[in-house]
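I'd like to walk you through a structure with two chains, so please have the viewer open and follow along.

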Amino acid sequence: MLLFILRRILIAIPTLILVSMFVFTLQKLLPGDPILVMAGEDRDPEVIALLRERYRMNEPIVMQYFYWAADVLRGDLGVSLRTNEPVLSLIASKLPVTIQLALMSMLFAILIGIPAGILSAVRKGTWVDWLANLIALSGLSVPNFWLGIMLILLVSVNLGWLPASGYESPFVDPWKSLTTMIMPAFVLGTALAATLMRHTRSAMLGVLQADYVRTARAKGLRGRVVILKHAFRNAVLPVVTLTALLFGELLAGAVLTEQIFTIPGFGKLIVDAVFNRDYAVVQGVVLCTAVGFILMNLIADVLYVILNPRLRTAQ
Amino acid sequence: MTLRKLTTALLASVAMTSGAFAADLRIGLQEDPDALDTDQARTFVGRIVFESLCDKLVNITPELDFVPELATSWGWSDDGLTLTMQLREDVVFHDGTAFDAAAVVANIERSKTLDESRRKSELASVESVEATGTYEVAFKLASPDATLIAQLSDRAGMMLSPTAAAEKGLELSNDPVCSGPYKFVERIQQDRIVLEKFADHYDADSYSFERLIFLPIPDTTVRLANLRSGDLDMLERLAPSDVAAVEADDSLSFTSATSLGYQGITVNVNNGARSETPFGQDARVRRALSLAIDREVINQVVFEGVYAAGNQPFPPTSPWYDATNPVEARDVDAARALLEEAGLDGISIEIQAPNNPVQLQLMQVIQAMTAEAGIEISIKATEFATMLSEQTAGNYEGSQVGWSGRTDPDGNIHSFMTCEGGLNDSKYCSEEVENLLNEARLSTDAAERKASYDAANAILREELPIIYLYHQTWLWAMTDRVQGFTAYPDGMIRLSGVTME
């Protein structure tokens, strides 16, 4: 198992290098001059010249990449062009926020999606199935930003139950942290819950037709045991991979949700950085995201092995 | 406990804990400020925070007169080359060090020499600064500069603690040390900036809040929702489309001031190959476009009537506005006649505009209006950073942009209309205009200056390198518990005398 993990990590290194080169080039292809943005409304030519030199914008792009990569290897991701804050500390302060949001959304999604999927598979063709499908379809179709604003208007403005936006760290004020996160996590979780529900349902439907389920039923096992122990355990495999991959989707979805609820997380960091042409920040964030994706995939593969005994013996 | 009871209890306690201390003022900002160092800072929104964090040498009144702040009085030498300022003697910085003439010298030198300083052009006329007494300072100028007082009433005149500046260097932006009524506590990027009251401020009694919490919330709907739900006490830059909702809400109030800036269409008249169009080369075509637009209707349709129609670099509320030449009425026939005179049957023009719903709506209204005069506008929605570089590179025919405005009229016109001006993206160049604008800089006599600006604007009205459209209005919304707020045309939030019931 350890060898397997180690091999996967080694394979990840060239991927990371490619990703970083790709993003670096793409960014430079973006129209718009970061130095003009940084120089401010007055665009003092003297300031522009100094900034160009400071950030090595005069050099060829290949050299710029190597300077950056060399700094990264030394653990230095550079400083934000906009505020002078080190990119590493920015990421360190934003990442936990988005992870909290993603975990809470995932929790929402799993709590709603998986039971709904099982239920609608077991009760296929009944009103339960129909209702679950309807909810799933709406969950997938309703855009995040619309649902977010509607929730703010209803829950915060009209009912006054939850804060409309903002963020508090759970280590400072756990209660406030929870209340500011409920709505965004729900909004972000709905679409995922729908996807999870649809996949759980189809996996369950497949498994419920299988011979061993019939055998289990024939042995006289109770319905609940058959469904949860025999059918679900096997149906859950593709769902686990999906959940891990969806985690990446969560990060993408967080971009929009964080904008609406003004949550100072990763998504908001990258959007603001792109608009300000804050190259160092964009670059750092993308690198971290790529590492995150690779880690999630690794975790999914490991979970697979744990859940599926056949793969274990193959090792 | 049943689930329903539990939920009710939870929600009730949320409702109870969401109110903040009355001693806090929570202010919603449209953007997250940039570096909190008065020399490195470049954004409008950052200035709002500096207003509470840092004292300036000079302040302004809502009528744009200059009044003392850290400088108690000032005077010019007869040749206009020396500005002497007397300073307050009871001022300390947030780190406990004293403010004096030496501190002013250190600050101006930092603004002029720091590599990253964005203040260099603002202080370009200052050759040297000298402490002529413990509390007296003299600015020596290379040539007379009427705009200097105005510069010292903004970031260039904001005083940082020289001790802290020397110690922290560029890092100062993450922990600024000034002498203002509030001192820096913490900043979480894109989330909040917290300041707390500075007890040793010379005018501490005028400031009633213990803490200021600035919360950047870019979405206007969400910003207003926060105000209505009680999560904010006030916000800046309310969207014109939300004015009706705020007026209808008994617990909210709003106040406004016409800004110092303008919005218009910058025309490429001389900036590379793309200026070689009838629109760029023939002023009659530009006048035709201007005449085809009904600026009042634009104000009503796009901005709910809360902005001000404009045809000059200065808003109608400014003392520098030329009242003898108000906004012209729309005249489609005259516009057609001008096109004919230019030998054109009709014309297509591409105009780039910022990619946001309001500016695009503005351009669509203009597009419909000019179409009636035979001018087909194609709108190129462009993200702002890109627009800026296209503009400087000359890769545009027309560009819908604006300027946030400066207290001194020079700031709204000189860099845009002089041949080598740093912001002259149309590359318009006229010796006559150039001379008039340079003369206006030298004189300290307001009437003389006004005559120069009027004369320059009379030429520009014919030439139209910028077709002025309207002047934005700053809109602040607040809960009706916030009392005593005064609106200033510079869009800042000054909290002296503001209280919360």
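**A walk through the two chains**

Let's begin in chain B, with an open sheet of 4 strands whose order is E4-E5-E7-E6 and whose pairing is antiparallel. A word of caution before we go on: this is a predicted model.

Which strands stand at the edges of this sheet? They are E4 (71–76) and E6 (126–133) of chain B, and each has a single partner strand, so one side of each is left without a neighbour in the sheet. From one strand to the next, the twist averages 20 degrees.

Now zoom in on one pair here. Strand E5 of chain B, residues 82–87, and strand E7 of chain B, residues 136–141, are joined by 5 bridges in the antiparallel sense. If you want a landmark for your viewer, find Gln86(B), which has Glu136(B) of E7(B) opposite. Across E5, E6 and E7 of chain B lies helix H3 (residues 101–113), and its direction makes about 170 degrees with E6(B).

Let me step back to the domains for a moment. Chain B is split into domain 1 (3–50 + 180–258 + 474–500), domain 2 (58–165) and domain 3 (262–471). The centres of domain 1 and domain 2 of chain B, taken over C-alpha atoms, are 29 Å apart. Where those two domains of chain B meet, 16 residues of domain 1 are in contact with 18 residues of domain 2. On the domain 1 side of that contact in chain B, we have 7 nonpolar, 3 polar and 6 charged residues.

On to the other sheet I picked. This one is an open sheet of 6 strands in chain B, in the order E14-E18-E13-E17-E15-E16, and the pairing is mixed. Its edges are held by strand E14 (308–309) and strand E16 (375–382) of chain B; each has a single partner strand, so one side of each has no neighbour in the sheet.

How many bridges pair E14(B) with E18 of chain B? There are 2, in the antiparallel sense, with E18 covering residues 466–471. Ala309(B) sits opposite Tyr470(B) in E18(B). Helix H9 of chain B, residues 283–291, packs on this sheet and touches strand E13 (262–267), strand E15 (347–354), E16 and E18 of chain B. The direction of H9 in chain B makes about 20 degrees with that of E18(B). Helix H10 of chain B (residues 295–303) lies across E14 and E18 of chain B, at about 45 degrees to E18(B).

Still in chain B, let's look at a helix pair. Helix H15 (residues 431–442) and helix H16 (residues 446–463) of chain B pack with their axes 8 Å apart, at an angle of about 160 degrees. Anything over 145 counts as roughly antiparallel, and H15(B) and H16(B) are therefore roughly antiparallel to each other. The crossing of H15(B) past H16(B) is left-handed. Residues making the contact include Leu436(B) and Leu437(B) of H15(B), along with Tyr453(B) and Ile459(B) of H16(B). By class, this contact of H15(B) with H16(B) has 9 nonpolar, 1 polar and 3 charged residues.

Over to chain A. What does its secondary structure come to? Chain A has 13 helices and 0 strands. The C-alpha trace of chain A spans about 85 × 55 × 35 Å along its principal axes.

Here is a helix pair from chain A to set beside the previous one. H7(A) and H10(A) pack at about 30 degrees, and their axes are 9 Å apart. Angles under 35 degrees count as roughly parallel, and H7(A) and H10(A) are therefore roughly parallel to each other. H7(A) passes H10(A) in a right-handed crossing. The residues in contact are Asn144(A), Phe145(A), Gly148(A) and Ile149(A) of H7(A) with Gly253(A), Leu256(A), Thr257(A) and Ile260(A) of H10(A). Sorted by class, the contact of H7(A) with H10(A) has 4 nonpolar, 4 polar and no charged residues.

Last stop, the place where the chains meet. In total, 44 residues of chain A are in contact with 39 residues of chain B. Among the helices of chain A that each supply at least two residues to this side are H7 (144–158), H8 (174–208) and H10 (223–260). The side of chain A that touches chain B divides into 21 nonpolar, 11 polar and 12 charged residues.

That's my tour, and I'm happy to take questions.

Notes
Residues are numbered from 1 along each chain as its sequence is written. Chains are lettered from A and ligands numbered from 1 in the order in which they are written. This is a predicted model: local features need pLDDT of at least 70, side-chain atom pairs count only at pLDDT 80 or more; totals for chains, interfaces and linings use all residues. Axes are lines fitted to C-alpha atoms, for helices over the stretch in contact, and angles run from 0 to 180 degrees between N-to-C directions. Angles under 35 degrees count as roughly parallel, over 145 as roughly antiparallel, 65 to 115 as roughly perpendicular and the rest as oblique. A crossing is left-handed if the near helix is turned anticlockwise from the far one by less than a right angle, and right-handed if clockwise. Two residues are in contact if their C-beta atoms, placed from the backbone, lie within 7 Å. Ala, Val, Leu, Ile, Met, Phe, Trp, Tyr, Cys and Pro count as nonpolar, Asp, Glu, Lys and Arg as charged, and the others, Gly among them, as polar. Two strands pair if DSSP finds at least two bridges between them. Domain bounds come from an automatic or database domain assignment.
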